[in-house]
Amino acid sequence: LVANAVKHGGGQARLSAAERDGLVEVSVRDAGPGIAAGDQERIFDAFTRLEDAPADGLGLGLTIAQRLAALLGHELKVQSSPGAGATFTLRAPRA
């Protein structure tokens with residue numbers, strides 16, 4: 001998620017962590033172009049790249065991140081809007 005934020009989100013990523021309701025939320029925020037609401041589900045599909053994405057890459061990074069989160073029973077979600085960057089949040093039980 002950090003590498004993806006740096007690559008697609010303007011070259012920087014902001015990490016944060018917080019505990020909420022017995023879960024740890026780790027968030028990765030970027031300052032990129034943002035993701036339209038209609039694209040926010042499909043970015044997790046294999047081989048999906050948005051129109052303004054860099055030419056390198058296969059469109060598998062977010063697919064892998066989401067599948068790993070699901071295998072571990074964690075939640076991965078995205079919040080974004082065009083022009084406002086994107087925040088990816090992973091929620092996991094506190095150990």
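Reader: What percentage of the 95 residues of the protein count as buried?

Author: Please note at the outset that this is a predicted model. A residue is called buried when its relative accessible area is under 20%. By that criterion, 32% of the 95 residues of the protein count as buried. The protein exposes about 6,100 Å², and carbon and sulfur atoms supply 53% of that area.

Reader: How many helices and strands does the protein have, and what pattern do they follow along the sequence?

Author: There are two helices and four strands. Along the sequence, their pattern is α-β-β-α-β-β. The radius of gyration is 13 Å, close to the 12 Å that the globule rule gives for 95 residues, so the protein is as compact as a globular protein of that length. Its C-alpha trace spans about 40 × 25 × 20 Å along the principal axes.

Reader: What share of the contacts in the protein with a separation of 6 or more comes from residues 24 or more positions apart?

Author: Such residues account for 49% of those contacts. H8 and R29 are 21 residues apart in sequence, and their C-alpha atoms are 11 Å apart in space. S80 and H8 are 72 residues apart along the chain, with 13 Å between their C-alpha atoms.

Reader: Which residues make up the largest nonpolar core?

Author: The general idea comes before the case. In soluble globular proteins, nonpolar side chains tend to be buried together. Here the largest nonpolar core has eleven residues: I35, I43, F44, L50, L62, A65, A69, L76, V78, A86 and F88. Two or more of these residues come from each of helix 2 (61-71), strand 3 (75-80) and strand 4 (86-93). Helix 2 gives the largest share, three residues.

Reader: Which residues does I43 touch, not counting residues up to four places away in sequence?

Author: The residues touched by I43 are I35, T48, L50, L62, V78 and F88.

Reader: Where is Q40 found, and is Q40 buried or exposed?

Author: Q40 is found in the loop between strand 2 (23-30) and helix 2. Its relative accessible area is 15%, so Q40 is buried. Leaving aside neighbours within four places in sequence, Q40 is in contact with I35, V78, S80 and S81. S80 is itself found in strand 3. With neighbours within four places again left aside, the contacts of S80 are G34, I35, Q40, G85 and A86.

Reader: Which phi values do D21 and F47 have?

Author: D21 has a positive phi of about 55 degrees although it is not a glycine. D21 lies in the loop between strand 1 (14-20) and strand 2, and counts as exposed because its relative accessibility is 76%. Phi of F47 is near 65 degrees, a positive value in a residue other than glycine. F47 lies in the loop between strand 2 and helix 2, and its relative accessibility of 60% means that F47 counts as exposed.

Reader: How many positive and negative side chains does the protein have?

Author: The protein has 10 positive and 11 negative side chains, and the centres of the two sets lie 4 Å apart.

Technical notes
Residues are numbered from 1 along each chain as its sequence is written. This is a predicted model: local features need pLDDT of at least 70, side-chain atom pairs count only at pLDDT 80 or more; totals for chains, interfaces and linings use all residues. Side-chain values use heavy atoms; hydrogens and water are left out. The radius of gyration is taken over C-alpha atoms; the globule rule is 2.2 Å times the number of residues to the power 0.38. Buried means under 20% relative accessible area, exposed over 50%, partly exposed in between (1.4 Å probe, protein chains only). Contact means heavy atoms within 4.5 Å. Accessible areas come from the Shrake-Rupley method with a 1.4 Å probe; for residues, only the protein chains shown count as cover. Lys and Arg count as positive and Asp and Glu as negative; His and the chain ends are not counted. The place of a charge is taken as NZ of Lys, CZ of Arg, CG of Asp or CD of Glu. A nonpolar core is a set of buried Ala, Val, Leu, Ile, Met, Phe, Trp, Tyr and Cys residues joined through side-chain atoms within 4.5 Å.
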